[in-house]
Amino acid sequence: DLAIQTKVAGNALGRNEQRLGSSILESANGNNAFPKENKTSVNAMEPLTCNAKPLQPDAVYQLEFDGASKGNPGKSGAGALLRQPDGSVVVELKENLGIATNNVAEYCSLILGLREALDRGVAKIRVQGDSKLVCMQVCGIWKVKNKNLIPLFNTVEQLKGQFKEFSIVHIDRELNSAADALANAAVSLPETEFAHAYLPKAISHNQMTDEVESS
């Protein structure tokens with residue numbers, strides 16, 4: 001399997017055209033996967049803090065994200081969790097997204113996790129997800145062609161530029177079970193302001209389509 005990694009240093013990014021960092025390909029192996037964690041029920045409006053350890057300023061934290069869409073487009077949810085360097089869970093997050101495609105849900109999950117990490121003062125982060133499209137686009141290897149994804153992609157660009165170090169890797173679905181469970185659980189939660197803030201505006205359900213995975 002190929003894992004895609006981008007390094008980003010510096011302060012916040014401007015817009016999409018202000019792309020920072022370089023993209024490289026690296027081999028993914030079993031050492032990249034953190035220990036699996038028990039799945040815990042989480043209130044969408046009150047993220048569950050699972051670990052009270054103080055933040056380690058120079059440590060690399062891991063963010064795992066996944067999106068779910070029952071129908072594509074259909075009822076959807078976003079799930080993400082942040083781990084300490086030792087693999088223990090810092091926080092689990094899940095948000096109902098209303099009606100959305102799978103790719104939109106994946107992007108919203110990434111945004112959900114990045115915002116939480118920044119709010120907690122994380123400076124160095126390694127992101128992993130099973131959406132090849134999102135990982136390749138965030139790396140700059142694939143272009144964003146779907147108009148529904150462009151504003152979400154721009155938001156990710158702005159957020160990732162606020163980390164001292166940022167990397168993202170694509171992993172197999174079976175290695176993303178914790179985030180997958182959160183995303184699927186989020187589908188049945190009440191919709192919150194998060195969905196209204198980030199889902200593409202003025203687009204009917206009939207116009208929602210997912211972008212084909214390609215460059």
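Which residues in the largest nonpolar core touch the most other members?

1. The model is predicted. Its largest nonpolar core holds 44 residues, and Leu-110, Leu-114 and Ile-125 touch the most other members. Helix H1, residues 102-119, gives the most to this core, with 10 residues. In general, nonpolar side chains tend to be buried together in soluble globular proteins.

2. **Around Leu-110.** Set aside the neighbours within four places in sequence. Leu-110 is then in contact with Leu-63, Phe-65, Val-127, Val-134, Val-138, Val-156 and Ile-168.

3. **Second core.** A separate core has 5 residues. Leu-81, Ala-178, Ala-179 and Leu-182 are among them.

4. **Overall fold.** The protein has 5 helices and 8 strands. Along the sequence they run β-β-β-β-β-β-α-β-α-α-β-α-α. Among contacts between residues at least 6 apart in sequence, 79% join residues at least 24 apart.

5. **Burial and surface.** Of the 215 residues in the protein, 51% are buried. The exposed surface comes to about 9,800 Å², and carbon and sulfur atoms supply 50% of it.

6. **The S5-S6 hairpin.** Strand S5 spans residues 74-83 and pairs with S6 in the antiparallel sense, over 10 bridges. Within this pairing, Gly-77 stands opposite Asn-96 of S6. The two strands form a hairpin with 5 residues between them. Gly-87 sits in the turn and has a positive phi of about 95°.

7. **Cover over S6.** Strand S6, residues 89-100, is mostly covered. Of its 12 residues, 11 are buried.

Key:
Residues are numbered from 1 along each chain as its sequence is written. This is a predicted model: local features need pLDDT of at least 70, side-chain atom pairs count only at pLDDT 80 or more; totals for chains, interfaces and linings use all residues. Side-chain values use heavy atoms; hydrogens and water are left out. A nonpolar core is a set of buried Ala, Val, Leu, Ile, Met, Phe, Trp, Tyr and Cys residues joined through side-chain atoms within 4.5 Å. Buried means under 20% relative accessible area, exposed over 50%, partly exposed in between (1.4 Å probe, protein chains only). Helices (H or I, at least four residues) and strands (E, at least two) are DSSP runs, numbered from the N terminus. Contact means heavy atoms within 4.5 Å. Accessible areas come from the Shrake-Rupley method with a 1.4 Å probe; for residues, only the protein chains shown count as cover. Two strands pair if DSSP finds at least two bridges between them.
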